[in-house]
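Subject: Structure handover and findings

Dear colleague,

Please find the structure below, handed over for your use. A written account of what was found in it comes directly after.

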Amino acid sequence: MFEFIFENIYLRRLLALMIDMGIATLIGMSLEFILPDEYLYGGFLPFIVSIVFILLKDTFSIKGSIGKNIFKMRVLKNDGSELKLGFRVLRNFTLLLMPLEILIALLFKGKRLGDIIFHTEVVEG
């Protein structure tokens with residue numbers, strides 16, 4: 001029934017990103033319930049924690065983010081070698097420019113701006 005999802009890596013990438021963004025949102029929202037108001041700084045702290053999660057999402061395992069692990073994908077350099085930890089974080093900084101990321105992904109057949117700048121690709125695995 002859902003075979004088309006697993007056959008299309010671009011759709012799986014999108015769903016993996018949605019899962020990661022959802023986790024970041026849940027983490028930020030949970031801080032709203034856990035911490036007293038004086039520690040939230042008007043919602044700024046949960047926002048920053050969510051952004052930090054998005055920047056670090058590909059560092060939680062060697063294969064990449066939680067979403068990528070669910071869909072059995074991983075991030076590699078274009079030459080097939082593993083991506084170093086620092087590049088995993090830097091690659092995700094471009095996600096802060098989400099409208100540009102979407103435009104680039106549409107123009108470059110699913111490659112993100114971070115993929116183009118850091119010469120990476122998301123592959124099966």
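The notes below cover conventions, the strands, the charged pairs and the pocket.

This is a predicted model, in which local features need pLDDT of at least 70 and side-chain atom pairs count only at pLDDT 80 or more, while totals for chains, interfaces and linings use all residues. Residues are numbered from 1 along each chain as its sequence is written, and side-chain values use heavy atoms, with hydrogens and water left out.

Strands

Helices (H or I, at least four residues) and strands (E, at least two) are DSSP runs, numbered from the N terminus. Buried here means under 20% relative accessible area, exposed means over 50%, and partly exposed lies in between (1.4 Å probe, protein chains only). Strand β2 (residues 120-124) pairs with β1 in the antiparallel sense over 5 bridges; two strands pair if DSSP finds at least two bridges between them. Within this pairing, Val75 has Val122 of β2 as its bridge partner.

Asp115 and its surroundings

Asp115 is placed in helix α7 (residues 113-118) and counts as buried, at 1% relative accessibility. Leaving aside residues up to four places away in sequence, Asp115 touches Arg13, Arg91, Gly110, Thr120 and Glu121, where contact means heavy atoms within 4.5 Å. The side chains of Asp115 and Arg91 make a polar contact at 2.8 Å. A polar contact is a pair of N or O atoms within 3.5 Å; within protein, one must be able to donate a hydrogen and the other to accept it, and residues adjacent in sequence count only if both atoms are side-chain atoms. The C-alpha atoms of Asp115 and Ala105 are separated by 9.7 Å, the two residues being 10 residues apart along the chain.

Salt bridges

A search of the whole structure finds 10 salt bridges, each defined as a side-chain nitrogen of Lys or Arg within 4 Å of a carboxyl oxygen of Asp or Glu. One of them joins Arg13 to Asp115, with the closest N and O atoms 2.7 Å apart. Arg13 lies in helix α2 (residues 9-34) and Asp115 in helix α7, so this pair ties together parts that are 102 residues apart in sequence. Arg13 counts as buried, at 15% relative accessibility.

Lys57 and Asp58 also form a salt bridge through their side chains (3.8 Å, N to O). Both count as buried, Lys57 at 2% relative accessibility and Asp58 at 1%. Arg13, Asp20, Lys57, Asp58, Lys68, Arg91 and Asp115 are linked in a network of salt bridges.

A further salt bridge brings together the side chains of Arg112 and Glu101 (3.3 Å, N to O). Arg112 lies in the loop between α6 (98-107) and α7, and Glu101 in helix α6, so the pair ties together parts that are 11 residues apart in sequence. Arg112 and Glu101 are both buried.

Largest pocket

The largest pocket holds about 400 Å³ of space. Its lining comprises 18 residues, of which Arg13, Leu14, Leu17, Ala105 and Arg112 lie nearest the centre. The elements giving two or more residues to this lining are α2 and α6, and α2 gives the most, with 6 residues. On a 1 Å grid over the protein atoms alone, a pocket is an open set of points with protein on both sides within 12 Å along at least five of seven lines, and lining residues have an atom within 4 Å of a point. Grid points are joined across faces, edges and corners, and the volume is the space filled by probe spheres set on the points.

Kind regards

Key. On a 1 Å grid over the protein atoms alone, a cavity is a set of points where a 1.4 Å probe fits but cannot get out, and a pocket is an open set with protein on both sides within 12 Å along at least five of seven lines; lining residues have an atom within 4 Å of a point.
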